[in-house]
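Here is a short walk through one structure. Keep the view open as you read.

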Amino acid sequence: MLEVILGVGLGLLLASNIALWLKLDRCYHDLHSIIEGVSSATVEIPTLDGVRDEINETLQDFMQNLHVPNAADHLMGAAGQALQMWAHKKFMGAPVGELLPQIMPAAEPQTE
């Protein structure tokens with residue numbers, strides 16, 4: 001019975017190694033075909049002016065979308081803060097003041 005189990009185990013090991021070898025070989029050929037295709041293409045190196053213009057356009061778009069906070073923004077911030085406090089009390093359990101003595105017990109008084 002042990003011989004059968006060892007034979008099946010070795011057979012599965014050999015089959016998995018062959019499957020992995022075939023997969024790696026296929027990846028090797030795919031990689032080389034991709035590299036050959038890329039090496040024939042020309043790559044345009046961006047100019048410094050083009051990069052500068054792209055950064056300026058991005059910053060201008062960002063700055064145009066900014067606005068001064070209004071009352072609704074402040075109300076949403078206050079509501080968010082209230083919800084955070086509620087969730088902290090609900091999910092964190094006891095307040096920090098009650099947990100602090102458990103985490104850092106007071107030092108024993110020293111007698112001289």
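**Salt bridges and surface patches**

At 30% relative accessibility, Asp30 is classed as partly exposed. This is a predicted model. The side chain of Asp30 meets that of Arg26 in a salt bridge, with 3.4 Å from N to O. Arg26 counts as exposed, because its relative accessibility is 52% and exposed means over 50%. The two residues, Arg26 and Asp30, sit four residues apart in helix 1, so about one helical turn separates them.

A search of the whole structure finds two salt bridges. Asp49 and Arg52 form a salt bridge too, and their closest N and O atoms are 3.0 Å apart. They are three residues apart in helix 2, so about one helical turn lies between Asp49 and Arg52. Asp49 is partly exposed at 47% relative accessibility. Arg52 is partly exposed at 43%.

Stay with helix 2, which covers residues 48–65 and holds Glu54.

Now go back to helix 1, residues 2–39, where Leu22 lies. Leu14, Ile18, Trp21 and Leu22 make a nonpolar surface patch of about 450 Å². Leu22 has a relative accessible area of 47%, so Leu22 is partly exposed.

Last comes helix 3, residues 71–92. Its first and last C-alpha atoms are 31 Å apart, close to the 32 Å expected for its 22 residues at 1.5 Å a residue. How many of the 22 residues of helix 3 are buried? The count is zero, and helix 3 is hardly covered.

Technical notes: Residues are numbered from 1 along each chain as its sequence is written. This is a predicted model: local features need pLDDT of at least 70, side-chain atom pairs count only at pLDDT 80 or more; totals for chains, interfaces and linings use all residues. Side-chain values use heavy atoms; hydrogens and water are left out. Patches are made of residues with over 30% relative accessible area and no salt bridge: like charges are joined within 9 Å, nonpolar side chains (Val, Leu, Ile, Met, Phe, Trp, Tyr) within 5 Å. Accessible areas come from the Shrake-Rupley method with a 1.4 Å probe; for residues, only the protein chains shown count as cover. A salt bridge is a side-chain nitrogen of Lys or Arg within 4 Å of a carboxyl oxygen of Asp or Glu. Buried means under 20% relative accessible area, exposed over 50%, partly exposed in between (1.4 Å probe, protein chains only). The expected span of a helix is 1.5 Å times one less than its number of residues.
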